[in-house]
Amino acid sequence: MILESWSIALITCSAVVIIFGLVGAATSLRLLKHWNLGSDSELQIKLEERIWLVATLVQFGLVVQIISAILFIYAADYFATVLKGAMCAAGSLTANGYGLPALGFKLITIFAGSLWIMVHRLDIGSEDFPYTRLKSYLLLGMLPLLIGDGLLVVLYLVNLEPEIVTSCCGIIFGDAEAGGYSLLNYSSETTVVFMLATISALILAGSLVQLISVQSPKRAALIVSGALASSWPFFYLLALGVITVQVSPYVYGLPHHRCPFDLLHYPYLKIGLPLYLFLHVAVLAGLGAATVRIISCVISGSHHVDQFVRRSSLVSMSMVLLFLLTAGWQPFAYMVYGGQ
Amino acid sequence: MAARYLDRQLNIADYALGGLTRRLGKNLVVVLVFALVIFMVASFSMTTTSLKHAASQLLTTVPDITVQKMSAGRQVGFSTEAIKELEFIFGIRSVQPRVWGYYFDENNGANYTVIGVTELGDKTQLAGLGIDFLPNLKTDAAFEPAVIGRGVRENLGLGNRRAFSLFRPDLSLKSFVTSATFDAETSMVTDDLIIMDLKAARDLFGLQADEITDLLVDVANPLEIDNIADNIGERLKGVRVVTRERIGKTYRVAFGWRSGFGLACLFGAVAAFFIFAWDKASGLTPAQQQEIAILKVLGWQTEDIITLRFWESVIISISAFGLGYLAAWIHLLFFNGLLFRPVLLGWSVVKPPLSLVPVFSFADLLIIFSLSVLPYLAATVIPAWHSATIRPDSVI
């Protein structure tokens with residue numbers, strides 16, 4: 001279904017991001033090759049100007065990628081009205097093997113782009129641009145992801161045929177033992193909730209340690225922030241799982257309607273929007289704080305790291321709490337008041 | 001901190017607006033050309049949405065399941081005996097035989113769709129099609145009553161007359177009297193339609209006494225439609241079973257594909273505009289270069305100049321977006337999607353005088369935005385950076 005207005009819009013967004021990525025990567029290569037802060041040559045002055053080009057490209061590319069992700073989910077919702085068996089975006093994204101990986105690549109590039117911007121803000125806040133080389137490596141690392149995202153989107157759209165029979169979200173995210181097939185393949189719904197509660201508690205504790213011991217020795221900071229940085233992705237995936245299998249049926253008021261995408265439609269949007277907003281801001285701020293702390297242990301130079309880590313840790317902790325409260329509200333209300 | 005950031009952005013946006021009004025003539029040309037591009041993209045998108053909406057509304061009149069006999073890959077007539085086979089399927093509310101065919105009018109080269117139904121007088125048979133029944137429905141035995149579409153009435157040149165005749169295959173004449181005409185609102189499906197009694201349709205097409213072209217099955221529980229359709233397919237050999245849901249999906253795929261194809265055809269024009277935008281943003285006049293140099297001398301940073309350029313692009317694209325979107329809305333509402341309707345709807349001698357109603361959809365807005373505003377902003381990013389790196393000493 002490549003000749004659909006949705007498809008053309010998605011491919012346009014991917015093309016813009018890839019072109020920006022290529023220009024940014026080419027500039028990064030030049031920066032890596034010739035960057036010499038001690039020099040006051042014409043080339044160095046030009047390279048310093050090019051930092052702004054890369055930053056503008058990444059910032060604008062990030063905005064396009066966020067719009068592209070929203071577009072992708074809405075397009076999948078539209079495709080569900082055409083595909084046999086699909087009832088919402090979950091069905092159309094699993095209609096072939098490229099839909100969910102494409103969405104995953106979009107989310108990864110959004111997180112990577114946001115982290116890049118955080119590092120960039122700290123970099124330009126310092127006189128000697130301590131992270132310029134690191135930023136260039138990061139951007140070069142992001143390029144394959146952007147190209148992969150574009151390729152996956154095209155492959156998904158090319159292989160999407162109206163005659164494909166797909167499943168609805170109740171089956172895809174259902175219990176594997178009861179339905180025989182489940183994308184999540186979890187053993188028990190309560191186990192997933194228990195795991196999320198545990199990891200949330202650990203993350204909150206870790207962030208608190210990171211917050212109160214900003215001036216701690218490098219080794220201790222590396223251990224705490226390293227553990228936090230590796231925990232946030234697990235927290236994110238578990239949170240998405242819990243939203244799908246535990247929270248969404250309560251929001252819809254239907255025990256077998258397990259869908260993370262319908263939450264983005266009216267009237268569920270009033271819960272879905274804050275839920276996803278709190279989750280993403282929490283993960284971004286938390287991941288940002290931990291990553292920046294790790295970077296500052298390896299490359300010293302920026303004077304604003306402590307302030308940034310303090311602020312980001314506070315934001316991530318409060319957002320995690322807000323997320324947990326929003327996620328728990330509907331099941332709690334059901335247990336207390338019963339029914340709708 | 002957020003308030004200070006917002007304040008800074010507002011001040012830069014204010015300055016950008018002032019700069020744009022100083023070069024009003026040039027910027028107005030860009031806005032108008034860009035609005036034209038957005039108008040084309042938006043018209044396609046909105047006409048498709050309106051057509052999908054109209055089709056889904058009219059689909060409420062289509063039976064749950066339609067059964068047709070196939071032979072050598074083509075549809076053929078079959079006997080009403082098949083109804084007996086369906087009587088034992090639990091969940092079927094009613095089964096109605098129908099004759100469906102096309103009548104070619106040699107006088108004007110038009111094709112009319114002829115449908116023969118069992119109970120013509122019964123309004124429930126044609127529920128949802130909005131029929132204006134004419135008063136005094138008394139018919140002569142020689143004249144068969146028929147309900148006709150507005151397009152048929154015009155093509156036959158009936159005027160105020162009610163009687164008309166059509167040729168049988170052996171070229172003898174069969175006479176009809178108009179008992180009703182279809183509502184203008186349903187003209188998308190009824191414009192070329194003539195509905196008559198089943199026996200009259202068989203007589204007109206020269207079919208056998210019990211021959212029909214399809215069976216219309218009404219199902220009590222909508223959730224069971226697919227199961228019953230499968231069951232019918234197993235009981236009756238060599239038939240095609242079409243459900244209403246399937247027809248709806250086919251409509252959506254067809255309109256979606258045509259809209260995408262139209263947009264792909266527009267791609268050249270859209271790309272040309274973005275190259276123009278890139279070129280215009282790259283070529284700074286000496287006065288503009290001087291302005292940037294002065295701002296830099298006054299203390300503006302490279303980032304501030306890029307933000308200024310960004311705000312200029314945003315103001316231009318949002319103005320063009322508003323204008324183009326409004327023009328597309330007017331084009332659809334008052335001119336019925338005149339320019340792009342033939343591409344989306346197809347063409348025939350009896351053209352349905354369909355009245356399209358614009359439907360607001362966030363999805364449409366998102367598509368139009370990503371196909372117009374985003375590429376425009378993207379085209380101006382690198383020139384914006386380029387202009388921000390001008391060194392004051394080289395200009396002043």
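I began with the term "domain": domain bounds come from an automatic or database domain assignment. For chain A, that assignment gives domain 1 (1–167) and domain 2 (168–340).

The model is predicted, so I kept its limits in mind: local features need pLDDT of at least 70, side-chain atom pairs count only at pLDDT 80 or more, and totals for chains, interfaces and linings use all residues. Residues are numbered from 1 along each chain as its sequence is written, while chains are lettered from A and ligands numbered from 1 in the order in which they are written.

**Entry: the two domains of chain A**

I looked up the spacing of the domains. Taken over C-alpha atoms, the centres of domain 1 and domain 2 of chain A are 23 Å apart. Next came contacts (C-beta atoms, placed from the backbone, within 7 Å). I found 23 residues of domain 1 of chain A in contact with 23 residues of domain 2 of chain A.

On the domain 1 side, α2 (42–80), α3 (89–93) and α4 (99–124) of chain A each give two or more residues. Helices here are DSSP runs of H or I, at least four residues, numbered from the N terminus. α4(A) gives the most, 6 residues. I also sorted this side by class: 14 nonpolar, 7 polar and 2 charged. Nonpolar covers Ala, Val, Leu, Ile, Met, Phe, Trp, Tyr, Cys and Pro; charged covers Asp, Glu, Lys and Arg; the others, Gly among them, are polar.

**Entry: chain B against chain A**

Here I found 27 residues of chain B in contact with 24 residues of chain A. On the chain B side, α8 (244–282), α10 (302–333) and α12 (362–388) of chain B each give two or more residues. The largest share, 12 residues, comes from α12(B). I noted the classes of that side as well: 17 nonpolar, 7 polar and 3 charged residues.

Definitions and conventions
Contact = placed C-beta atoms within 7 Å.
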